[in-house]
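Let's walk through this model together, from its overall make-up down to single side chains. Please keep the viewer open as you read.

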Amino acid sequence: MSASNEYKTEIVKSLFGSSLGKAIMHFSCAFGAYTGRMYVCTNGVGYYSNMFGYERAITIYWINVTDIAKDKAYGIIFHEKDRGEQLFKSITDRDGVFNNMLRLLYRANPTLKEKKNNYNKLKVYNGRNAALIQVAGPSESDMETDWSQLKSASKKHFKYTALEKIDLPSFSMEIMFQKFFADGAKRSMASFHRKIGDENIEASQWKESMDGFHRTRTIKFERSRALFGVNKFTKYQHCRVFGSCGICIDTHEKINAMYDVKSRLLIDQQADGALAATVYCECVLLTRTLLLDALLEKTANETVTSWYKEYVEMICNSDRSIRSSIFALKREQKVDEKKISETRYGVALVVLMTLMIMYMLVILQSDWQKIDEDAIYVQSEINLFREELEKVLQGLN
C-alpha cells in the first residue's frame, strides 16, 4: 500500500474506526445538501462532511449492500438491506469510481455477480420460453437483494421508460396484488380492457410454478380501430411477487407480423413506505424496414405509455372513490349539524321574542308602582331563556 493510502487509512480510522479496512481511494462528493469526502475501503465506504460546525459521518459496509447503480447527476446509489437507497452525487470520475466499487462489492458478496448477470439478461416471458419460469425463486432472506437487482437491470436494459415512480394508494403489497392482479380481482387488467372498449376478452387463471414464485397467464381480446377493422391481440404475462419489497409484471404483447411489444410494470415500496409504479417498455421488431423502424418504435412506446397511464389512474381512482365517499358523508354530516343548529337558534329567538312581548303586556297592565307576581315570573323566564340562547350561540361558534 502506498504512503498516501496509508495516510488516508489513518484518517479513516480516526473518523470511522478500523472496521472499514484499508483505504483504496478518496474523492469529494455530495450527500443531500452537504458536500464532503468519501473514502472507499476494502470493507465498505465512509462519508464525512463538516459544514459550519455540523458534522455528518456515514458508513456503508459491502456485506450490507444489495446493489449499486449509477445516477444521472454523476452520482452513485447504494441499495442497503436495512436503510434502503443512499445517493451520493457530484462524483467527478464517476465511472472509474463505480467500477472500483463494483469490484469490491463482488469480492465481499460473490453471489451478487451471478445474480446480476442473470437479471441483466433481459428476457420477458412470451409463452414459449418456459425455461424462464422454471428458475427457482429467491429465498426470504434474498428477496430484497433480488428485487434491487431486478430494478437496476430493468432501468438499464429496457430502451424506454414509460412511467417513473408514480404515487399509488397506500396499500400493502399483499392488498395491492389481491385488489388488482389476483385471479378474480374486481379491478383486474381484464376488467380494465373491458372498460376502455375492448371486446371478447378472455383472461386465463394464473398458473404457478412449483415453488409458487412465478405466475403466468394469457389475456386475449379484440379491439376495433379506424381503417384497420377488428384486430385480435394476445398478452403473455409473467408475475413475480418479491415479498413486501415489490411486484413485477412482465407483458409480451403480440401486435402484428411486423412487431411485438414487451413491457415491465414494477410496483415498488418507497423509503417512506408508500407504493409507486414504474413502467419500462421496448418494441421488438420482427421485420426490419429502414423507413418504418423509427415510426413503429415511436408508435409502440406512445401506445404503451398511454395504456399504462390510464391503468395506473384507474388504480389511483379506486382509492380516491373510497376517500371521496367518506368526505361526502362527512360533508353531509356537517350540513345536517349546521341545519339542526340553525333550527335551534331560530326557535330560541321566536320563544325569546314571545316572552318579551308577554312581559311588555304585563307591564302595561300592571301598576307602575308595583309589579305583580306574573311580571316577576315572566322576567325570570326571559333570563333563563337568555342563558339557554347564549349556550346555543357558543355551540355554533
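Where is the place of Lys165? Lys165 belongs to strand β8 (residues 160-167), where strands are DSSP runs of E with at least two residues and helices are runs of H or I with at least four, numbered from the N terminus. Lys165 is not a glycine, yet its phi is positive, at about 50°. With a relative accessible area of 47%, Lys165 is partly exposed; buried means under 20% relative accessible area, exposed over 50%, and partly exposed in between, with a 1.4 Å probe and protein chains only.

Before going further, a word on the ground rules. This is a predicted model, in which local features need pLDDT of at least 70 and side-chain atom pairs count only at pLDDT 80 or more, while totals for chains, interfaces and linings use all residues. Residues are numbered from 1 along each chain as its sequence is written, and side-chain values use heavy atoms, leaving out hydrogens and water.

Now for the overall picture. The protein chain comes to 8 helices and 15 strands, and 42% of its 397 residues count as buried. Take the contacts (heavy atoms within 4.5 Å) between residues at least 6 apart in sequence: 51% of them join residues at least 24 apart.

Let's turn to the interior. In soluble globular proteins, nonpolar side chains tend to be buried together. A nonpolar core here is a set of buried Ala, Val, Leu, Ile, Met, Phe, Trp, Tyr and Cys residues joined through side-chain atoms within 4.5 Å. The largest such core has 42 residues, and those with the most contacts inside it include Leu168, Phe181, Ile267 and Tyr311. Helix α7 (residues 293-365) gives this core its largest share, 10 residues. Apart from that core lies another one of 25 residues, among them Ile68, Val97, Leu104 and Leu105. To look around Ile267, leave out residues up to four places away in sequence: Ile267 then touches, among others, Trp147, Leu168, Met176, Phe181 and Ile247.

Helix α7 also holds Asn317, which counts as partly exposed at 32% relative accessibility. Asn317 and Leu168 are 149 residues apart along the chain, while their C-alpha atoms are separated by 9.5 Å.

Next comes helix α2 (residues 94-108). The expected span of a helix is 1.5 Å times one less than its number of residues. With 15 residues, α2 should span 21 Å, and its end C-alpha atoms are 21 Å apart, so the two agree. Buried residues in α2 include Val97, Met101, Leu104 and Leu105. An α-helix has 3.6 residues a turn, so residues three or four places apart point the same way.

The loop between β7 (84-88) and α2 is worth a stop. Ser90 sits in this loop and has a positive phi, near 60°, although it is a residue other than glycine. Ser90 is partly exposed at 48% relative accessibility. Thr92 lies in the loop between β7 and α2 too, and Thr92 is exposed, with a relative accessible area of 74%. Thr92 and Ser28 are 64 residues apart in sequence, but 8.1 Å apart in space, C-alpha to C-alpha.

For a strand pairing, look at β3 (residues 44-51) and β4 (residues 54-61), which run antiparallel over 8 bridges; two strands pair if DSSP finds at least two bridges between them. Tyr47 has Ile58 in β4 as its bridge partner. The hairpin has 2 residues between the strands, and in it Phe52 takes a positive phi near 55°.

Tyr47 leads on to the aromatic rings: ring pairs link Phe31, Tyr47, Trp62, Phe78 and Phe88 into a cluster. Rings of Phe, Tyr and Trp (its six-membered ring) pair if their centres lie within 6.5 Å; planes under 30 degrees apart count as stacked, over 60 as edge-to-face and the rest as tilted. The structure holds 17 aromatic pairs. Why is the pair of Phe213 and Phe242 edge-to-face? Their ring centres are 5.2 Å apart and their planes stand at 90°, so the pair is edge-to-face. Phe213 lies in the loop between β10 (207-208) and β11 (214-225), and Phe242 in strand β12 (residues 229-242), 29 residues apart. Phe213 counts as buried at 9% relative accessibility, and Phe242 is buried at 0%.
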